[in-house]
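Subject: Structure handover

Hello,

Please find below the structure I said I would pass on. My notes on it come after.

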Amino acid sequence: MRAKIIGTGSFLPKKIATNNDLSALMDTSDEWIKSRTGICERHLVSSQSENTLSMAVNAGKSALENAGLLPEEIDLILVATVSSDYITPSTACMVQKELHAVHAAAFDINAACSGFLFALNTADAYFQAGIYRTALIIGVETLSKLVDWNDRSTCVLFGDGAGAAVLKASQDGMIASLQGSNGAKGDALVCKSRTNNNPYISTDASPSYLYMDGKEIFKFAVKKEPECIQELLAQTGLAPSDITWYLLHQANQRIIASIAKKLKLPLDKFPSNVHHCGNTSAASIPILLDEVHRAGKLKEGDLLLLSGFGAGLTWGAALLKW
Ligand code: COA
């Protein structure tokens, strides 16, 4: 049995920060951000009650309602995130508690912007092994608390939000997937853990924020993501044009356009929401999936190719039938 997506949901905080709003806070401009990334605005948490857990719960509830499943019917909860509110318990266990999904096993996955794909592939592997039959997978990030708001080259790129999907074991659904990592290149995008309370170690008390070598990540993305997509297509014998929709990680419209060009496909096969969400890391693919689903664009039998890349470095792709 394979994983079939039977419901989607998402949540974006109400507060919208436009590029012009940010240019009031730092030396940047709408023209600089838009021309290099396609981003016009992003949603950001703006109160203590809005956090990684609350966004994950909202997106999860919405996906369950959309799927018509009760929380008690869920066997597995996977939350992909690098911005948990707590180190322990995991966000997945906290979501389980909030939703009363009492029969689920729950754990988090840390694969940055590829995290939702790693969660999808993990759930699918459990289904293929016959261990579980239903899963709630969530990608959620509050990157606004990790970025350095004095580093204009990174903070303008990211947004907060959550996206979720409910999976059910089925004869169809997932067709093929792949994922990969290159830890040797991990220095290009890092965020160190913030504290060390060990009395035998003298610690640097300064807070550690997200650091990114933007040019390195750009080069990695425009090379690795199309390679990954082509490898997946080769596994299945499908041509790029056979895919109905490409739902890619929403980091930068220029990266999406470059991938479309490499695959010799029109850009209209690549729905995008980077202009209003920015890069929401692990949440970006499921938020986009939910938007496309709720807009009525997905028809039974459509072939969807989901793909992304991120810190680690990590990358992944999944091909599935809607
Ligand atoms: N506003 C105005 N100027 C800015 C700026 C901002 N927000 N951020 C950086 N700059 C300046 C820099 O200081 C630099 O100035 P200098 O040349 O005087 O030193 C200049 O702009 C760099 O511009 P450019 O070389 O055109 O940048 P770029 O084409 O490399 O674009 C990124 C920068 C970050 C948009 C691009 O590298 C990128 O998208 N990388 C991938 C990031 C990504 O996808 N990360 C997510 C991983 S999951």
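This is a predicted model: local features need pLDDT of at least 70, side-chain atom pairs count only at pLDDT 80 or more; totals for chains, interfaces and linings use all residues.

Residues are numbered from 1 along each chain as its sequence is written, and side-chain values use heavy atoms, with hydrogens and water left out.

Domains

The protein is divided into domain 1 (2–171) and domain 2 (176–321); such bounds come from an automatic or database domain assignment. The C-alpha centres of domain 1 and domain 2 are 14 Å apart. Contact (heavy atoms within 4.5 Å) joins 46 residues of domain 1 to 46 residues of domain 2. Between them the two domains bury about 3,600 Å², with 60% of it on carbon and sulfur atoms. Buried area here is the accessible area (1.4 Å probe) that two parts lose on being put together, summed over both.

Nonpolar cores

A nonpolar core is a set of buried Ala, Val, Leu, Ile, Met, Phe, Trp, Tyr and Cys residues joined through side-chain atoms within 4.5 Å. Buried means under 20% relative accessible area, exposed over 50%, and partly exposed in between (1.4 Å probe, protein chains only). The largest core has 48 residues, of which Ile229, Tyr246, Phe270, Leu305 and Phe309 touch the most other members. Helix α7 gives the largest share of this core, eight residues, and the core draws at least three residues from each of domain 1 and domain 2. Helices (H or I, at least four residues) and strands (E, at least two) are DSSP runs, numbered from the N terminus. Leaving out residues up to four places away in sequence, isoleucine 229 touches Tyr246, Leu248, Ile259, Leu263, Leu305 and Ser307. Another core, of 32 residues, lies apart from the largest one, and its members include Ile109, Leu117, Val292 and Trp322.

Aromatic pairs

There are four aromatic pairs in the structure. Rings of Phe, Tyr and Trp (its six-membered ring) pair if their centres lie within 6.5 Å; planes under 30 degrees apart count as stacked, over 60 as edge-to-face and the rest as tilted. Phenylalanine 220 and phenylalanine 309 are edge-to-face, because their ring centres are 6.1 Å apart and their planes stand at 80 degrees. Phenylalanine 220 is in helix α7 (residues 214–236) and phenylalanine 309 in strand β12 (residues 303–310), so this pair ties together parts 89 residues apart in sequence. Both phenylalanines are buried, and Phe220, Phe309 and Trp315 form one aromatic cluster.

Tyrosine 246 and phenylalanine 270 make a stacked pair, 4.7 Å centre to centre with 10 degrees between the planes. Tyrosine 246 is buried at a relative accessible area of 0%, and phenylalanine 270 is buried at 3%.

Cysteines

How many disulfides (pairs of cysteine sulfur atoms within 2.5 Å) are there? The count is zero. For cysteine 228, the nearest cysteine sulfur belongs to cysteine 113 and is 14 Å away. Cysteine 228 is buried, at a relative accessible area of 2%, whereas cysteine 93 is partly exposed at 30%.

Helix α10

Helix α10 (residues 284–294) is largely enclosed by the rest of the structure, because eight of its 11 residues are buried. Among them are Ile285, Leu288 and Val292. Just after α10, glycine 296 has a positive phi of about 75 degrees.

Regards

Conventions: A disulfide is a pair of cysteine sulfur atoms within 2.5 Å.
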